[in-house]
Amino acid sequence: MTLEQAAEGPVDAVVVNDGRVLLVDVQGGWILPSGVPEEAETAQATAARVVYELTGYLVDGTSLLESESGGGPAVVCHLLSEDPSGEAQLTAGQLRWAPFADAIAAGLPTPVRTYLEGHTPV
């Protein structure tokens with residue numbers, strides 16, 4: 001998938017900031033923010049929209065990671081706002097900034113784990 005192509009299937013947002021990744025508690029488990037693209041929406045736009053809708057954080061969705069076989073795309077996003085808006089669907093208790101090492105151990109998709117392993121602060 002290129003930057004211009006519309007996404008198909010769920011898109012994971014890998015929101016990184018200061019050696020941590022944003023996880024959300026949906027249905028009792030900590031996962032990456034994820035959502036389905038709207039018509040003609042790119043994976044990057046989907047990731048940014050979903051993160052804002054769920055968490056209230058503004059992010060840029062710029063780096064597309066390769067999809068895992070049978071899985072949807074993941075997009076690396078960088079935090080643009082330090083404080084979430086009050087319009088988030090999830091509460092503060094449903095958001096967690098996890099150190100990369102903790103997130104890697106949480107069973108994330110292989111392309112996401114590979115990315116985090118390569119960018120773990122020393």
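Which residues does Gly 9 touch, not counting residues up to four places away in sequence? Here are a few notes to go with the structure, which is a predicted model.

1. Let me start with that glycine. Gly 9 sits in the segment before β1, and it touches Gly 35 and Pro 37, leaving aside residues up to four places away in sequence. Its C-alpha atom is separated by 9.3 Å from that of Ala 43, a residue 34 places away along the chain. With a relative accessible area of 30%, Gly 9 is partly exposed, because that class lies between the 20% limit for buried and the 50% limit for exposed.

2. Next, have a look at helix α3, which spans residues 110–118. Its buried residues are Pro 111, Val 112, Tyr 115 and Leu 116. They lie on the same side of α3 because they cover an arc of only 130° around the axis. Thr 114 and Gly 118 are exposed, on the face turned away from that buried side.

3. What do the buried residues of α3 pack against? Their partners are the strands β1 (11–17), β2 (20–26), β5 (59–65) and β6 (74–79), together with helix α2 (100–105).

4. If you enjoy aromatic side chains, a search of the whole structure finds one aromatic pair.

5. Is Tyr 57 buried or exposed? Tyr 57 counts as buried because its relative accessibility is 9%, and the cut-off for buried is under 20%.

Key. Residues are numbered from 1 along each chain as its sequence is written. This is a predicted model: local features need pLDDT of at least 70, side-chain atom pairs count only at pLDDT 80 or more; totals for chains, interfaces and linings use all residues. Side-chain values use heavy atoms; hydrogens and water are left out. Buried means under 20% relative accessible area, exposed over 50%, partly exposed in between (1.4 Å probe, protein chains only). Helices (H or I, at least four residues) and strands (E, at least two) are DSSP runs, numbered from the N terminus. The arc is that of the directions from the helix axis to the C-beta atoms. Contact means heavy atoms within 4.5 Å. Rings of Phe, Tyr and Trp (its six-membered ring) pair if their centres lie within 6.5 Å; planes under 30 degrees apart count as stacked, over 60 as edge-to-face and the rest as tilted.
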